[in-house]
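Okay, everyone, thanks for coming.

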Amino acid sequence: MIEVTNLHKGFNGEEILKGITTTFDRGKTNLIIGTSGSGKTVFLKCLLGLFTPEQGSICYDGSVYSDLNEEEQRDLREQMGMVFQGSALFDSMTVEENVMFPLMMFTKQKREEMLERVHEVLDRVHLENAEKKLPSEISGGMQKRVAIARAIVTRPKYLFCDEPNSGLDPRTAIVIDNLIKEITEEYNITTVINTHDMNSVMEIGEKIVFLKNGNLEWEGDKTQIFKTDNKAVTDFVYSSNLFKKVRDAQLKGL
Amino acid sequence: MFYLDDIGRYFLMLKGVFSRMTKGSVIRNLIFKEIDDLIIGSLGITVFLAFFIGAVVAIQTALNLTNPLIPKKLIAFASRQSVILEFAPTFISVIMAGKVGSFITSSIGTMRVTEQIDALEVMGINSLNYLVFPKIIAMLTYPFVIAIAMFTGICGAYIAGVYGGFISSSEFLTGLREEFIPYHLVYAFIKTFLYSFLLATIPSFHGYYMKGGALEVGKASTSAFVWTTVSIIISNYILTQLLLS
């Protein structure tokens with residue numbers, strides 16, 4: 001579980017996050033949504049420890065990040081997996097080497113043991129025959145799956161995903177969403193996903209945090225989001241023509 | 001103030017490079033890869049450049065020695081001194097600032113743009129140590145490149161001088177050995193070691209701290225070349241003052 005309390009973060013005098021307080025539960029897919037410029041990425045980078053908040057605290061299963069010393073912070077980071085928006089795979093390494101990378105860095109396992117684990121996670125993300133390929137030789141959807149495999153290979157306690165299905169076709173996006181949800185439940189990890197894709201919200205939004213101009217505007221789950229009368233949330237949800245038409249049809253009793 | 005800020009950040013980067021070392025087995029493989037990319041990959045162009053620089057120096061010296069009282073062996077002497085003292089260490093390093101420097105800046109810059117550096121940081125890896133330290137160690141073998149450049153440059157001078165009909169082979173070999181001061185080699189290699197450090201770190205700095213996209217990677221590569229060259233030229237002046245005067 002991750003508990004965020006009164007989180008403030010700004011750059012060059014401009015406040016981006018304005019006192020966010022929320023909780024992300026273990027074993028659930030927690031979504032951060034909001035329009036572009038709402039502070040989602042800054043919030044996620046604060047959760048990852050890449051940005052230091054000016055005020056407030058982030059508590060990971062009882063450990064407040066800012067209270068930890070450098071070594072403890074590093075140990076905590078080793079328990080985090082991250083799927084970046086652009087996958088961020090190391091382009092000079094093969095798929096197998098990319099996934100094996102965290103094991104090489106942080107474990108003393110033998111190469112055979114590492115390879116066994118790598119193939120186990122590659123099987124888990126349905127990438128059995130791509131291990132010898134370079135990231136440039138596989139599709140965007142496959143790259144995302146490699147990034148997920150790399151993020152979970154060390155059995156992390158926390159999984160962070162920054163717009164994991166951006167740039168993917170709707171069908172592949174659903175596959176990636178479902179994969180993340182399955183892995184979250186299977187490994188019982190705390191997953192936080194940064195997205196503005198309403199399909200993801202509908203598919204996997206067990207807890208949703210809506211940000212607007214750096215403030216936490218609303219939080220709930222995927223059923224509540226369609227019932228809320230918060231104008232900012234409804235504007236966001238029904239900015240999609242499809243959702244607007246579905247709502248209009250429901251109102252007309254069709 | 002802007003430059004002072006950059007200089008400060010450069011030294012902070014160096015501090016970061018030498019702290020929190022990456023696992024030995026990983027860094028060893030990276031060092032070998034960097035030696036292959038930065039050093040072995042530069043041998044061809046270095047040999048080519050040094051050979052023709054040596055040859056041109058010999059021809060220029062020969063054409064300017066019009067006084068019959070000046071012995072022809074001076075062609076070999078002047079070529080040796082020029083190649084060992086300046087052309088091999090400094091001129092080749094300026095060329096390397098373009099070749100190796102732009103390679104380092106663009107590779108690290110692309111990693112920044114594509115969030116690969118963020119990925120390293122999230123994993124709890126000291127990205128500065130992981131990316132820059134192997135390059136510094138690999139560049140410690142750079143003096144071997146310069147030694148080869150010195151040898152090839154003198155070979156070029158010999159071939160151009162002797163086969164161009166400016167000087168006989170025996171005169172050239174006599175001139176080559178005349179008043180040879182071994183300390184000049186020490187001076188040249190001290191310079192080369194400093195240049196190797198500048199060649200590894202200044203382009204890394206520009207790549208690591210760049211912001212933006214593909215266009216900015218190009219700009220960072222250009223500014224890395226400019227600043228590495230400026231640093232090499234200034235340090236050449238200072239070292240020459242300190243070591244030779």
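So, let's begin with the two domains of chain A: the C-alpha centres of domain 1 and domain 2 lie 26 Å apart. Keep in mind that what you're looking at is a predicted model. If you want to find the domains on the screen, the assignment for chain A puts 2-79 together with 158-251 in domain 1, and gives 91-155 to domain 2.

How many residues does each domain of chain A bring to the contact between them? Eleven come from domain 1 and eleven from domain 2. On the domain 1 side, helix H6 of chain A, residues 170-187, gives the most, with six residues. And by class, that domain 1 side has eight nonpolar residues, two polar ones and one charged one.

Now, the sheet in chain A. It's an open sheet of four strands, and the order is S2-S1-S4-S5, with antiparallel pairing. Why do S2 and S5 of chain A each have one side without a neighbour in the sheet? Because strand S2 (14-24) and strand S5 (63-64) stand at the edges, and each has a single partner strand.

Zoom in on S1 of chain A, residues 2-11: this strand pairs with S2(A) over eight bridges, in the antiparallel sense. Within S2(A), Ile20(A) is the residue that Leu7(A) stands opposite. Then look at what lies across these strands: helix H1 of chain A, residues 40-48, lies across S1, S2 and S4 (55-60), and runs at about 60° to S2(A).

Next up, how the two chains meet. Chain A puts 14 residues into the contact, and chain B puts in twelve. On the chain B side, the largest share is five residues from helix H4 of chain B, which covers 116-122. That side of chain B is made up of five nonpolar, three polar and four charged residues.

Last topic, the nonpolar core. The largest one has 129 residues, and those with the most contacts inside it are Ala149(A), Phe160(A) and Ala88(B). Helix H3 of chain B, residues 74-113, supplies the largest share of this core, 13 residues. In chain A, domain 1 and domain 2 both give residues to this core, so it lies between them.

And what is Ala88(B) in contact with, leaving aside its neighbours within four places in sequence? The partners include Ala50(B), Val83(B), Ile146(B) and Ala149(B), and also Met150(B), Gly153(B) and Ala188(B).

Note on methods
Residues are numbered from 1 along each chain as its sequence is written. Chains are lettered from A and ligands numbered from 1 in the order in which they are written. This is a predicted model: local features need pLDDT of at least 70, side-chain atom pairs count only at pLDDT 80 or more; totals for chains, interfaces and linings use all residues. Two residues are in contact if their C-beta atoms, placed from the backbone, lie within 7 Å. Helices (H or I, at least four residues) and strands (E, at least two) are DSSP runs, numbered from the N terminus. Ala, Val, Leu, Ile, Met, Phe, Trp, Tyr, Cys and Pro count as nonpolar, Asp, Glu, Lys and Arg as charged, and the others, Gly among them, as polar. A nonpolar core is a set of buried Ala, Val, Leu, Ile, Met, Phe, Trp, Tyr and Cys residues joined through C-beta atoms within 7 Å. A residue is buried if 20 or more other C-beta atoms lie within 10 Å of its own, exposed if 12 or fewer, and partly exposed in between; C-beta atoms are placed from the backbone. Domain bounds come from an automatic or database domain assignment. Two strands pair if DSSP finds at least two bridges between them. Axes are lines fitted to C-alpha atoms, for helices over the stretch in contact, and angles run from 0 to 180 degrees between N-to-C directions.
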